[in-house]
Amino acid sequence: MSYLDYRVGEPIADTKAPAGPIEQRWDQRRFEAKLVNPANRRKHTVIVVGTGLAGGAAGATLAEQGYHVVQFCFQDSPRRAHSIAAQGGINAAKNYRNDGDSVRRLFYDTVKGGDFRARESNVHRLAQVSVEIIDQCVAQGVPFAREYGGLLDTRSFGGVQVSRTFYARGQTGQQLLLGAYQALSRQIAAGNVEMHARTEMLDLVVVDGRARGIVARDLVTGELTTHLADAVVLATGGYGNVFYLSTNAKNSNATAIWRAHRRGAFFANPCFTQIHPTCIPRSGDHQSKLTLMSESLRNDGRIWVPRAQGDTRPPGEIPEHERDYYLERIYPAFGNLVPRDIASRAAKVVCDEGRGVGPGGQGVYLDFADAIARMGRAAVEAKYGNLFEMYERITAEDPYTVPMRIYPAIHYTMGGLWVDYDLQTTVPGLFAIGEANFSDHGANRLGASALMQGLADGYFVLPPTLNHYLGSTRLDPVAADHPEIEAVEADVADRLDLILAVDGDRTPDSFHRELGELLWDECGMARDEAGLRRALARIPELRAEFWRRIKVPGTGAELNQALEKANRLVDYFELAELMCLDALHRAESCGGHFRTESATADGEAARNDEEFSYAAAWEYTGGAPVLHREHLVFEHVHPTQRSYA
Amino acid sequence: MNLTLRIWRQSGPDAPGAMTEYHVSGISPDMSFLEMLDTLNEELILRGDQPVAFDHDCREGICGACGMVINGQAHGPERTTTCQLHMRHFADGDTIDVEPWRAGAFPVVRDLVVDRSAFDRIIGSGGYITAPTGSAPEAHATPVPKDAADLAFEHAECIGCGACVAACPNGSAMLFTAAKVVHLNVLPQGAPERAGRARAMVEAMDAEGFGGCTNTGECATACPKGIPLTGISVLNREYLRGLR
Amino acid sequence: MALLTRAVRRPSTLATLWRSTVGKKAVMAVSGLVMLLYLVFHMLGNLKVFFGPGDLNGYAHWLRTLGEPLLHYGWFLWLARVVLLAAVVAHAVAAYQLSRRDAAARPQKYVHRRQRTSYATRTMRWGGVILGLFIVWHILDLTTLTVNPRGEEGHPYQNIVASFSTWYGGGIYCLAMLALGLHVRHGFWSAAQTLGANNPRRDRALKLTANATALLLTAGFLSVPVAVMTGVVR
Ligand SMILES: Cc1cc2nc3c(=O)[nH]c(=O)nc-3n(C[C@H](O)[C@H](O)[C@H](O)COP(=O)(O)OP(=O)(O)OC[C@H]3O[C@@H](n4cnc5c(N)ncnc54)[C@H](O)[C@@H]3O)c2cc1C
Ligand code: HEM
Ligand code: HEM
Ligand code: SF4
Ligand code: F3S
Ligand code: FES
C-alpha cells in the first residue's frame, strides 16, 4: 500500500481558542482554565523531553509551580540543546524605539510572513507574550546588547520595518538558553526536576488513550527504561536533519515526534521547511553539516554569478560586464534583500543553469568589494569582522579580498506535531512546544521568531494549559507492568535488535546522505509533481535496502553512536515519505513550499487560497496516512499575494 | 593527506584504555577534525570495528560538546573548538595523538567521551539568578551600564566545553566557575545573590574534586572563547567578599 | 516550597576559608606577602654589611631593643619570629595540601607530553621546597649558629663573613636567592590574582611590579654572598 493512496478524514475544528475579540482570547482562555491546587501539584509528575529554549523554559517553570518534573535530553548537558546555536536575535513587540511597533504589528507581520498558513489566534498570543519574554530573560541575567545609556539595544531583521529584534552579539540563542538552563539547574539542584541527560526518548506510552509516559534509552549504558507521568511534553526541536546536511546540530532528530506520531499524534504540514539563503557551501563529500552566515551580510554584500555557464575563472578576473547581479536584476525594488525563500530559490535557479561557482558549482558570490570601496575596510570589519573570521576559518579564503561563496541550506522546519490552542496534540496529555510543533509560523518563519516562540511556549503558554489538563482530568495510576507498557518496551527493544542483527555492508551515514540528497533534489527548494513521485517511489526502496544492508557494530548495551544514528534513520525514512506526500498533495506554492507548477507568469510563488487555506494534519495508520484539514480563518489579516519585484 | 592517528580507546569507565594506531588517507585539508574522525569511523564500521566515540553536536563552536586533547593541546593547535579545527593546520604524513580530557572530575565514559556533569552541578549550586517565571519587572526598570553589560557578556560566552580543566595542570575548574560568577555578579540583577553565589559555586567545585588554581594560566590559553584569566581574580574577590 | 533552594546556615568563616581551595590559596597569598614584606626589610638590613661590622651589628642590636620601653628586650624580635613562623607554617601546609589535591585532580597524565607553560607551577613547588630547606639551614647557620663556622653570638657581621667564606655556604645562599627570585616573580602577581586584586587593566602593571620586586630582592640579597666571596666584604 503506497502513501499515494492517502485518504481524507474528518476536518479538525476545535482549537480551544475562545471565540471573541482576538486580543482577549488568551486572557479568556487562562481565566477559563482549571487550576491545580498548589499543594496538589507535587503529586503530579510531568515528563518534559528536551531542554532547548522551549523545554528548558517549560521544565523550570513547571517545577517552580510545584510539579514534579522528569526531564530528558540526549546531550551530555541540558545546556547544549540545539537552541544554543541561534545567532541573530529574538523579536518582541516592546516598541522601545517608538517606531510604530505594537503587538498588533508583530501579529500582522508574522501571519503575513507565514504566507497565510498559520492560525491567527496562536500568532496573536505569541505577539502578546513576546513582551514578557524580554522581561523574564533580562531578570535572569541574559546579557542582551545594551546602549551607552544602559538600555536595551534592538535591530531590525528579516524584512520588517520596525526595530524589534533583541540580540546578544551573534550568540542570542546561547545566552537565552543559558538563562533557561540556569533556571532549570536551580530546580534540578532543589530536587524539583529529575534530569536525565544522555537519555533518548524512543517511544511514547499511551494508556487508555492518554499519554502516560515514555520509553527511553540511557545512551551510556544502553539500558531501556520506562518513565510514567500524568502528562508528557515534547520539546524536541525540528527535523531539518532529515536532509542530512542542514544548519541544525548534528544530533537533532525527529525520533521523539515521529514515534509520538506513530502513537496517534497528527503531524502537520511536514513539507513546510525553511531554507536559509546565506550558508557556507559544502566543500566536498565529507561535509557533515552546513554553517549559517548571518542574514545581515546581505545588507552590504552584492550577490552575483558569472553571466556565462561554466565560467571557471577566479572571480577577480571576471570583468564587471560579465557578471550577473541577478537579484538586483530580477527584483530591482528589494535587490539583495528579498526574503529568504526568494533569495534561496533564485540562487538555485542560477546554479541549475550551470552558472554556480566553487566546487561542484553549488554556490554564488557574496561580494563586499563595493562595500569596502564605499565604507572602507575598517567599517566593514567593525560591522562583520566576526562573520568574516568564521568564514575564513572554515574556507581558508579571505572574504576581504575574494568574494564569499554562499549557498542555501535547510535551516528550520515549520511543520511538526499538530497542536491545538493549548499546545496539546491529538493524543490527550501529550503536548508539543517549540520547533517540535507546527503552531505559529505557517508556511514560512520570519527571522528571530523561533526563539520567541520557543520561550513563549515554555515560559508562558504551556504552564497554564497544562494546569488545565491536569486540573480537569481524572488520572488513575498506571501499573508498572501494564500490558501496554510491556508492548511499547518490546517494540523498542525489537527494533534495536533488528538493526544490530542485519550486519550488512553500509554505514548509517551512507544511507542518511543518500536519503538527504534525494530529499534535497526532489523536496527541497523547488518541488514538482514528477520529482515528488520519484521520491515517493525511491524512499521505500531505500528503506528496504537499509534493512538488508545496514551495518552497526557493537551491542545495544553500551555507548553506541552508530546505533543511535541508525535508529534515528529509521524514523527519517518514514518522515521523508510523509514530507513528500504532503508536498505532493499541496499543489500550490506558499512560503517555503514552492511548487514549480504553481507560479505566476514571472516565476513567483502562487498561493491557492481557494483550495489550500488549511493546515494539513496527517494521521498515522501504518499504511497510507489519513489527511485531516484544519481550515484557517483570517479575520484580521487578509490574505494578499506577496510581491517584491 | 595521509595521516597516522594514535587515539585513546577505552571501552567503558572501568575498562583499561590504550593509545591505538590508525591510518587514514585521502583527508582533505578542508575537513574539520571531526569530519576526519567521521571518515575514520566509516572505515571502522565497515571493518566491523567499533567507531571512535566522541561528543559533538553543533559543529559550529558554540554548544561546547566537542573536545579532545590533540597532540597534548586541548582542542588542538588553534584557539578554537575541535569542531572548528580544520585539517589544513596539519601536514601530510603527520602523526596525531588524540586523547580525552583528563581530570579526576571528568571520568572517561568511552574513548574520547568524558562525563562533564560536574559542571552542571556547579551551575546548580548557585550559577543562576533567582527569577521565577512571571515575577520579572519591566526589562527597562534596571538599566545596566554598558561596561558592566560588556564585562558580563565577555564571561557569559563560556560554552562549558571543559578545555580549561583539560589544560590546567591541576585539573582545576576555576576558569569555568569564574566565567559564570563574573557574568552574574557584575549585573545588577545578580547583586542580591552575589555573595552566596560565589561561595556556593566554589564549594561545589571543590566537592566535585577539581584541583585548586595555582594561577598557571594554561586554562585561558586553551579557552576557545577567550575567557580572560583575570576573571579568576574576580571570582577570588567575590568569594572572599562573600565570606565576610 | 519549590522556591527555596539554598540553606541559610553556614559554618565559621575561618573554617570555610581553610576548607575551600580558594580560601586556602588566600591564606598562602597572605602568608607569602607577610614573608615578602619581612624579606624586603631583611634585605635592606643585610645591605648594612657594606658599611662595616659596626653598622650591621648595631642594627642587629637595635632589632632587639626595638619597641622598648613598651616591649622588653628581644620581644619585638620574638614577635616577628612568631608571625614569621606562623606564616611559613601556614604557607607550607597550605602548599602541601593544595599540591596533593592538585595532583589527585589529574590522576591520569596525558600520553602526549608537551612542554607546557605550567613551568610556573612546577618552579613554584620546587622553589618553595628549596626555600623551606634553606630557611632551616639559614636559621641553623645565622640564628642558632649551630652550623656556622664561627658562631659568635652578637656578631652577625663576622658570622656572615664566616658562613659565606666556605664554598658550600656561599653556594647554598646563591642557589636559594635564585629560587627566591623565581618564587617571588610568579608569587607576587599570583598573590594579587588570588586576593582578587587583579583586573584586565592592572594585569600588566602587576606583572611588571612582580618582576621588579623579584629582581631587586634577588640582587640585594645576592650582593652579600657575592661580595664576601669576591673579597669586597671581609
Ligand atoms: C544555525 C541556526 C541559527 C538560528 N538562528 C535563529 C535566530 O537568530 N532567531 C530565531 O528566532 N531562531 C533561530 N533559529 C531557530 C531556532 O534556533 C530553533 O528553532 C529553536 O532554538 C528550537 O528550540 P526548541 O527548544 O524547540 O528545540 P531545540 O533547541 O532543538 O531542543 C531540542 C531538545 O530536545 C532534546 N531531544 C530531541 N529529541 C530527543 C529525544 N528523542 N530524547 C530526548 N531528548 C530529545 C534535545 O536533547 C534538546 O534538548 C536558528 C536555527 C539554527 C539552526
Ligand atoms: C616554606 C617554603 C615555601 C614553600 C613550600 C612555598 C610553596 C609555595 C607554593 C606551592 C606556592 C603556590 C604556587 C603558585 O601559586 O603558583 C607558593 C606561592 C607563594 N609563595 Fe611560597 N613557598 C615557600 C616560601 C615562600 C616564601 C619565603 C615566600 C616569601 C617571599 C613565599 C611567597 C609566596 C607568594 C607571595 C606566593 C603566591 C601566593 C598566591 O598565589 O596566592 N613563599 N608558595
Ligand atoms: C644573603 C642573604 C641573607 C643574609 C646575609 C641573611 C642574614 C641573616 C642574619 C644575619 C640573620 C640573623 C639575624 C639575627 O639573629 O639578628 C638572619 C635571620 C633570618 N633570615 Fe636571613 N639572611 C639572608 C637571606 C634570607 C632569606 C632569603 C630568607 C628567607 C627566605 C631569610 C630569612 C631569615 C629568617 C626567617 C631569619 C630568622 C629571624 C630570626 O628568627 O631571628 N634570610 N638572616
Ligand atoms: S572557560 Fe573556556 S575552556 Fe573553560 S569551559 Fe568555558 S569556554 Fe570552555
Ligand atoms: S590553568 Fe589551572 S592553575 Fe589556575 S590559572 Fe588556569 S585554573
Ligand atoms: S560540536 Fe558544538 S562546539 Fe564543537
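Biologist: What sits 3.5 Å from a polar side-chain atom of N46(C)?
Modeller: A nitrogen atom of ligand 3. That is a polar contact, meaning a pair of N or O atoms within 3.5 Å.

Biologist: Before I go on, what kind of model is this?
Modeller: This is a predicted model: local features need pLDDT of at least 70, side-chain atom pairs count only at pLDDT 80 or more, and totals for chains, interfaces and linings use all residues, while side-chain values use heavy atoms, without hydrogens or water. Residues are numbered from 1 along each chain as its sequence is written, with chains lettered from A and ligands numbered from 1 in the order in which they are written.

Biologist: Got it. How far is R81(C) from ligand 3?
Modeller: A polar side-chain atom of R81(C) lies 2.6 Å from an oxygen atom of the ligand. R64(C) also reaches an oxygen atom of ligand 3, at 3.0 Å from a polar side-chain atom.

Biologist: Which elements give two or more residues to that shell?
Modeller: Four elements of chain C: α2 (21–46), α5 (119–143), α6 (156–165) and α8 (203–229). Helices (H or I, at least four residues) and strands (E, at least two) are DSSP runs, numbered from the N terminus.

Biologist: And which one gives the most around ligand 3?
Modeller: α5(C), with five residues.

Biologist: How many residues are around ligand 3, and which come nearest?
Modeller: There are 16. A residue counts as near if one of its heavy atoms lies within 4 Å. H42(C), N46(C), R64(C), R81(C) and H138(C) come nearest to ligand 3.

Biologist: How many nonpolar, polar and charged ones in that shell?
Modeller: 10 nonpolar, four polar and two charged. Here Ala, Val, Leu, Ile, Met, Phe, Trp, Tyr, Cys and Pro are nonpolar, Asp, Glu, Lys and Arg are charged, and the others, Gly among them, are polar.

Biologist: How many helices and strands does chain C have?
Modeller: Eight helices and zero strands. Its C-alpha trace spans about 75 × 55 × 35 Å along the principal axes.

Biologist: Where does P69(C) sit?
Modeller: In the loop between α3 (53–65) and α4 (75–104) of chain C. The peptide bond that joins E68(C) and P69(C) is cis, with omega of about 5°.

Biologist: How far is the side chain of E435(A) from an oxygen atom of ligand 1?
Modeller: An N or O atom of that side chain is 2.6 Å away. The backbone takes part too. A polar backbone atom of G89(A) is 3.0 Å from a nitrogen atom of ligand 1. A backbone N or O atom of A235(A) lies 3.3 Å from an oxygen atom of the ligand.

Biologist: New topic: sheets. What order has the open five-strand sheet of chain A?
Modeller: β7-β3-β2-β11-β19, with parallel pairing. Two strands pair if DSSP finds at least two bridges between them. The edge strands are β7 (193–196) and β19 (430–432), each pairing on one side only.

Biologist: Over how many bridges do β11(A) and β19(A) pair?
Modeller: Three, in the parallel sense. One example: L234(A) has A432(A) as its bridge partner in β19(A).

Biologist: What about chain B: what order has its open sheet of five strands?
Modeller: β2-β1-β5-β3-β4, with mixed pairing. β2 (17–24) and β4 (73–74) each have a single partner strand, so one side of each is left without a neighbour in the sheet.

Biologist: How do β3(B) and β5(B) run?
Modeller: Antiparallel, joined by two bridges. V69(B) has E99(B) as its bridge partner in β5(B).

Biologist: How many nonpolar, polar and charged residues has the shell around ligand 5?
Modeller: Five nonpolar, six polar and one charged. Among the residues around ligand 5 are C168(B), C213(B), E218(B) and C219(B).

Biologist: Last one. Where does F116(A) lie?
Modeller: In the loop between α4 (103–113) and α5 (120–139) of chain A.

Methods:
Polar contact = N/O pair within 3.5 Å; in protein donor to acceptor, adjacent residues only side chain to side chain.
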